[in-house]
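User: Please take me through the strand arrangement of this protein, with the reasoning set out at each step.

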Amino acid sequence: MTVQHEVPTDGAQEALEVWIDQDLCTGDGICAQYAPEVFELDIDGLAYVKSADDELLQAPGATTPVPLPLLTDVVDSAKECPGDCIHVRRVSDRVEVYGPDAG
């Protein structure tokens, strides 16, 4: 059974961060199409997250904040990713809320 997660629309949105597991990345680029401000494909063909100042973060497990205006695009990226490698979690307790390990 697939659980559909609603993207919160109230003003009390918790801070979220996103990271990509490059070991599972297929290099499809869907994430970069949905949210090019957050994701980018590198010359190795894999997707990475970008910092707020547009720097590619290539360290394994590197996270970047999810800007609230881009939340829907980032969540759609996680849902549509063929590699199931995009993880969105709360900053406060590091619990995954969107992605393959979301409860």
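**Sheets and their surroundings**

User: How many bridges join β1 to β6?

Analyst: The two strands run antiparallel. One of the pairs places L16 with R90 of β6 as its bridge partner. The number of bridges joining β1 to β6 is five.

User: How many of the five residues of β6 are buried?

Analyst: A residue is buried when its relative accessible area is under 20%. Strand β6 is largely enclosed by the rest of the structure, because its buried residues number four.

User: Which residue takes a positive phi in the hairpin of β6 and β7?

Analyst: Strands β6 and β7 run antiparallel, joined by two bridges, and R89 stands opposite E96 in β7. Their hairpin has five residues between the strands. The residue with a positive phi, near 60°, is R94.

User: Which strands stand at the edges of the three-stranded sheet?

Analyst: This open sheet has the order β2-β3-β4, with antiparallel pairing. An edge strand here has a single partner strand, so one side of it is left without a neighbour in the sheet. The edge strands are β2 (39-41) and β4 (56-57).

User: Is S51 buried or exposed?

Analyst: S51 is found in the loop between β3 and β4. Beyond four places in sequence, S51 touches L57 and T64; L57 is also the residue of β4 that stands opposite V49. The relative accessible area of S51 is 15%, under the 20% cut-off, so S51 is buried.

User: Over which residues does pLDDT stay under 50?

Analyst: The protein chain has a mean pLDDT of 90, and 87% of its residues reach 70 or more. Where pLDDT is low, the predicted coordinates should not be read in detail. The stretch under 50, for which the model has 13 contacts beyond four places in sequence, is residues 1-11.

Conventions
Residues numbered from 1 in each chain as written. Predicted model: local features only at pLDDT ≥ 70, side-chain atom pairs only at ≥ 80, totals over all residues. Heavy atoms only, no water. pLDDT = per-residue confidence, 0-100. Contact = heavy atoms within 4.5 Å. Pairing = 2+ DSSP bridges. Buried < 20%, exposed > 50% of the residue type's maximum accessible area, 1.4 Å probe, protein only.
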